[in-house]
Amino acid sequence: MSTVQTTQAPPSRGPITDLLTGGGPVRRALWLALGGLVLFSIVRAISGENALTSSSTMSAALLLAVPIGLAALGGLFSERAGVVNIGLEGMMILGTWGAGFAGYQWGWGAALVGGVLFGALGGLLHALATVTFGVDHVVSGVAINILAAGIVRFLSELFYTDNPAGGGVTQSPPVSSKPPSFSLPVLSSGPDLLGDLEQKHWLLVSDAAGVLRGVTSGVAIVTILAVLLIPVTYLLLWRTSFGLRLRSCGENPAAADSLGVPVYRMKYIAVIISGGLAGLGGVFLVFIAGIYRENQTNGRGFIGLAALIFGNWRPGGLAAGAGLFGFSDALQLRSRTAVVALLLLVALLLAVLAIRQVLRQQLLAGGIAAVVAVAAFVGFLTIDVLPPGIVSFTPHLTTLLVLSLASQRLRMPQADGLVYRRGES
Amino acid sequence: MNRLRRLGPALLAPVLAVVVALVISSAVMAALAVNPFDVFGVMLDFGESPTQQVTAMVVIVNRAIPLFLAGLAVAIAFRMGLFNIGVEGQYRLATIVAAAAGAAVSLPAPLHLGLIIVVAVVVAAIWAGIVAVLKVTRGVSEVISSIMMNFIALGIASYLLTGPFRGSPEGASIIATADIPESGQMPGLNTIFDVFGLANPPRQLYGFLIIAVLVGVGIAILLNRTRFGFDLKASGMSPSAASASGVNARGMVIKTMLLSGAVAGLIGLPDLLGNTHSYTTDFTAGLGFLGIAVALLGRNKPVGIALAALLFAFLDRALVPLQINDYPSSVVTIVQGTIVLAVVIANEIARRVARKRAAGGTAAPAGGPSTGDGSTGAAPTPPPGSTDQRQGAQA
């Protein structure tokens, strides 16, 4: 029953399309990844922006993708159970504060617990408002975001202003220990074969080496555990009866109720897990900076929500979305000139799109795409460095562009966002 | 009397929510070893001399004007079931462009003011329009896109401020746009204090108050007395029913967002035209998000929003005195946040109580003690308001 979505064989759409998209989502994802690598190598070679695929950018991308991915995973739990969670941002904010507070006193392990706990409290509040009191989900989420910002400021004023360990109104004392990290022996440390390969700047090979070295050198163990949460979530939600029950609350709560699923309790559990995961995302932000800072989340909870939508409410898809947004975030932090190279990428992609649209006789859409592609190309040729204000919103603009290109074929859980009252429907 | 019976319960829910929120935030403060009564004492202390007291009131009204406009902007979209969370970005971008435009030209006073206002309105409306177009043509949820547009707007604003629109000299501690000349500054309304024989405070009461009131009345008429307002409300309550009766759903989304954005463009102007005369790095921020809270508290009705704006402005005024007296000033944000959460919950309970009564067919006894019975007609947001009446009719 739970595998129905994936096993339907689509009608053949020609040999090339079948080769590219057949064989299920795994092969498709591999092709996409390969295509992306080729595209990025070409763009890197033309623009000479080695930061595009360098291992340092890649490890930063991984670091930044994890919080976004965790927020998205939180959103997945909540929305699969039928509760829209705009409050992810607020729960993430609570998570950063909890991690900072516990982390400066008792180290990184406590930071993990503290952040998850604070995030889960935010989730509990959201569950209380939406499930028990039946408040509109978006309204409750927005209120939680406002409230969370106020609470953490208040707590910081209370605990950090006169703290001998440091900190202030907007930041905590530094976290007292760092989570342990490791590098893959031989390949990424010691002889560092991948590093050597990366420095050669060969087309494709060096790019692949950069990507691999980025995700295998100096990676915190907790990061790997966080990445593992994605397959774990998949197994939990799609391969266990608990997952089936949880998802049935998001598809048809009345039917689930009639089959004996405790809908309210499932929703509570889902939303609390959701808050805990968003809080965990906040913990990782604190780990990156080594300190809690106000506005550390900078809208990443919302980006996580966008990654969830982009990923079509599936674990694999949201991981891809988180990777994309983490990458654009890393690029904007590491190199302002590399962001200009993204324009070349946009130009290439849109040129392909334009040709496709024209071949399909859609001249207007094709024309618009072509014009934008040319504009992006001209921008790439003429702009050297973008001003910091413009660069700062690269991930958000990417999110918006990706959503506006992708959000038409998506299917959200059927009862997502609807207030369910037992016996009233 | 009849009107009172209709209004009383509608008022009861928010008032009760405010009381509950005060109790909760007091408990939070007490738990963290801050004496809540001292804090509320500071909030209520307007000073001794008449001048101080009038000044405090001017500060409150001046703060309430942008809050009211922000609440109004959010509420217009809310009424149609759209969440314009992008008000923050819309007004910040609009204000900086308007400030630069106002500083760049020199016109006779009324024209100059008009130009600044028009520029702000148009910029914000376009910014909100992008969200609407993305929703209508590409199906992008306006919640996500308007949040992303916030970040983009703030990035562009910071670029404009440090780049092309920079008016302050190199190395100044606060970066600002060039000052708007005298003809583009809005005079204060302090003469009314003389008329009423009150002490004339040193602080100017913003002249933008008049425009805000006019906009509020205009929007109230538009929403309650015109075809457009009816279509808007109908689309919010039941999109399918609205489109079946000939409302162009896509067109309504775009029109509503444009209108919401246009009002959002005004938010920064009271401060810009009445006080700062330039956009700076520390220009009033966060009004867009507070506007959401104000709109929820005011139940999306212009009069309610005005009251909610005054309440929030009253709380905001306490920020400085609290800091002076060494209390954590963020209690204000906590109180505001709990008020919002309490209000949405109270509204929901009130709606449900009303629904039960309607379904049970029992007429509400006059002066019933429960939370907001009969708020059926008063609650604009929740769509089931209409089902209540239908069920009542059947019963």
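The model is predicted; local features need pLDDT of at least 70, side-chain atom pairs count only at pLDDT 80 or more, and totals for chains, interfaces and linings use all residues. Residues are numbered from 1 along each chain as its sequence is written, and chains are lettered from A in the order in which they are written.

- Contacts of B:Val294 (C-beta atoms, placed from the backbone, within 7 Å) include B:Leu67, B:Ile305 and B:Phe312.

**Helix pair in chain A**
- Helix 4 (residues 55-80) and helix 9 (residues 205-216) of chain A pack at about 45°, axes 7 Å apart.
- Residues of helix 4 of chain A that meet helix 9 of chain A include A:Ser55, A:Met58 and A:Leu62.

**Positive phi**
- A:Asn298, not a glycine, has a positive phi of about 50°.
- A:Asn298 sits in the loop between helix 13 (263-289) and helix 14 (300-310) of chain A.
- A:Asn298 is partly exposed, with 16 other C-beta atoms within 10 Å; 20 or more would be buried, 12 or fewer exposed, and partly exposed is in between.
- B:Arg299, also other than glycine, has a positive phi near 55°.
- B:Arg299 counts as buried, with 24 C-beta neighbours inside 10 Å.

How values were computed. Two residues are in contact if their C-beta atoms, placed from the backbone, lie within 7 Å. Axes are lines fitted to C-alpha atoms, for helices over the stretch in contact, and angles run from 0 to 180 degrees between N-to-C directions. Helices (H or I, at least four residues) and strands (E, at least two) are DSSP runs, numbered from the N terminus. Lists of a residue's contacts leave out its neighbours within four places in sequence.
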